[in-house]
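Please keep the sequence and the model at hand while reading.

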Amino acid sequence: MKQMSEEKKLRLEELEQFTYDVEIGNTHRVRKVKGTNLNAAFLLGELSDNRRMMLVRQAENERTPVRVESKSFEDVLKNILIGYIQSLRCNLPFNEEYACWRLSLKSWPKEYIDGFIPKTYRVKREYLDEIARMVSVHVTANFLTKPHKEAA
């Protein structure tokens, strides 16, 4: 990782204090974003405009709830399942409340998911894809999703 010069650090601190109008994606929507939430290379203008938009869109998508109907639901579910399996493997607490909020669920289907996870807590990537597919079907079939009014 490169070290920043003193003048770049001072310039970055100065730029982080402002709020910026940032275009998100190709929709030409503009959002106000605090400088502290933006990448240093983004603020210093070292990235192309396309790369800058992609960073903002990616950060925005990571913070919004997803619904079962969304194309990215299974991708988000896979990431949360990886965290869930890691928490089981290391005997750490799992934040079910956040997982339910992020996936727009009424409750976390713990018993259903635990039925697919082996005792060794080692799951192959292909098997994880199947678990995510089956959980999304289970969630839809058992009405575990929040209604549109409560969700995202």
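What share of the contacts in the protein with a separation of 6 or more comes from residues 24 or more positions apart? Such residues account for 62% of those contacts. The model behind this value is predicted.

**Overall fold**

The protein has 152 residues, and 32% of them count as buried. Its secondary structure consists of seven helices and two strands. Along the sequence, these elements follow the order α-β-β-α-α-α-α-α-α.

**Helices α4 and α5**

Helix α4 spans residues 73-89 and helix α5 spans residues 96-103. Their axes come within 10 Å of each other and cross at roughly 170°. An angle over 145 degrees counts as roughly antiparallel, so α4 is roughly antiparallel to α5. On the α4 side, the contact is made by Phe-73, Val-76, Leu-77 and Ile-80. On the α5 side, Ala-99, Arg-102 and Leu-103 take part. Sorted by class, the contact of α4 with α5 has six nonpolar residues, one charged residue and no polar ones.

The buried residues of α5 include Ala-99, Cys-100, Arg-102 and Leu-103. Viewed down the axis of α5, its buried residues fall within an arc of 165°, and therefore they line one face of the helix. After α5 comes Ser-104, which has a positive phi, near 55°.

**Single residues**

| Residue | Relative accessible area | State |
|---|---|---|
| Cys-90 | 44% | partly exposed |
| Cys-100 | 9% | buried |
| Ser-87 | 7% | buried |

A residue counts as buried when its relative accessible area is under 20%. Cys-100, at 9%, is therefore buried, whereas Cys-90, at 44%, is partly exposed.

How many disulfides does the model contain? The count comes to zero, with a disulfide taken as a pair of cysteine sulfur atoms within 2.5 Å.

Ser-87 lies in helix α4. With a relative accessible area of 7%, Ser-87 is buried. Which residues does Ser-87 touch, not counting those up to four places away in sequence? They are Leu-92, Pro-93 and Phe-94. Ser-87 can also be placed relative to Tyr-121, which is 34 residues apart from it along the chain. The C-alpha atoms of Ser-87 and Tyr-121 are separated by 9.7 Å.

Methods
Residues numbered from 1 in each chain as written. Predicted model: local features only at pLDDT ≥ 70, side-chain atom pairs only at ≥ 80, totals over all residues. Heavy atoms only, no water. Axes fitted to C-alpha atoms, helices over the stretch in contact; angles between N-to-C directions. Helix = DSSP H or I, 4+ residues; strand = E, 2+ residues; numbered from the N terminus. Parallel < 35°, antiparallel > 145°, perpendicular 65-115°, else oblique. Contact = heavy atoms within 4.5 Å. Nonpolar A, V, L, I, M, F, W, Y, C, P; charged D, E, K, R; others polar. Buried < 20%, exposed > 50% of the residue type's maximum accessible area, 1.4 Å probe, protein only. Arc of directions from axis to C-beta.
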